[in-house]
Amino acid sequence: MNSASSSPVSVIIVNYNSGRHVSSCVRSVLQHAPDSEVIVVDNASQDDSITLLDTEFADQSQLKIIRHPVNAGFAVACNLGTSHATHNYYFYLNPDCIIDEKTIPRLLDCLHTHENVGMVGGLLLNADGSEQRGGRRSVPTPGRTLVRILKLSFLSKRFPRLFPDFNLHQQALPEHPIEVDAISGACMLVKRRAFDEVSGLDEAYFLHCEDLDWCMRFHQQGWKIMFVPDAILTHEQGACSKSTPIAVEWYKHNGMVRFYRKFFRHEYPHLLLWTVILAIWVRFGSIAALSSVKNVWQAALGSRNLK
């Protein structure tokens, strides 16, 4: 193993009610990257996830747990964890991810090979082994977003220019690392020098879209972002958000609106931009309404079964 792939990293994990998942995540990091430090920032979890960490890893000096008194959001927690990091590489990892022995070395190799690359991400797999959506993305411009909201993405294979999809997971997996517009916040390895130049995540986002925002700002500062197909990890998506799905959807849609207003309000006609924003909130309203109807229906069925 060369010196590049064996460089120690600071692994930053934001936890919120992830239960056993965060223990499995930390265990995989300590097993496959024993020279690295692991910083878990807990966003005021109400489950036993931190108790499980304390019990299982009581003798692990590499593990540092930061207990945040309130749930201040993903970006705040990431920046807080980074302020405690001591190594030159910051690896932001979701608590419901499991890495293997090659994940960090492959990411480090790519980061070392390309001087102007400031951030790299790996291949996120679902439990069934399929590639997960969001690991490699194009910029979700207002036009691309309308295609997705109107559920026209299925036409992207036949008419890629007319109906582009900003998620690239249905494209053929590249054989080598490739430059992309954006990667997922579930797996981001960042050079300390690039972090210092770009600065941390935008703390005005609470959950979702802060990773896209960060990728945009990396590009604005002249840093490239790479997707590394042989840096593989599994991701049980949504482990921290299953208990509050509607709140998560609200934060997601609110983050999307902030993202579009921040980066595209001067580049696109106002009519198009506001059409996209309206479509975003209509979509959220539909999701919330369907969820409410489903809950009422399930409650009614439960009541009937008790009689």
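Buried means under 20% relative accessible area, exposed over 50%, and partly exposed in between (1.4 Å probe, protein chains only). This is a predicted model, where local features need pLDDT of at least 70, side-chain atom pairs count only at pLDDT 80 or more, and totals for chains, interfaces and linings use all residues. Residues are numbered from 1 along each chain as its sequence is written, and side-chain values use heavy atoms, with hydrogens and water left out.

**Stop 1: Asp213.** Select Asp213, buried at 0% relative accessibility. Helices (H or I, at least four residues) and strands (E, at least two) are DSSP runs, numbered from the N terminus.

Stop 2: Zoom in on Lys262 and Asp202: their closest N and O atoms are 2.8 Å apart. Lys262 lies in helix H8 (residues 245-264), and Asp202 in the loop between H6 and H7, 60 residues apart. Asp202 is buried at 14%, while Lys262 is partly exposed at 34%.

**Stop 3: Arg193.** Pick Arg193 and Glu115, a salt bridge of 2.6 Å, N to O. Arg193 is in helix H6 and Glu115 in the loop between helix H4 and strand S6, so the pair ties together parts 78 residues apart in sequence. Glu115 is exposed at 55%.

Technical notes: Salt bridge = Lys/Arg side-chain N within 4 Å of Asp/Glu carboxyl O.
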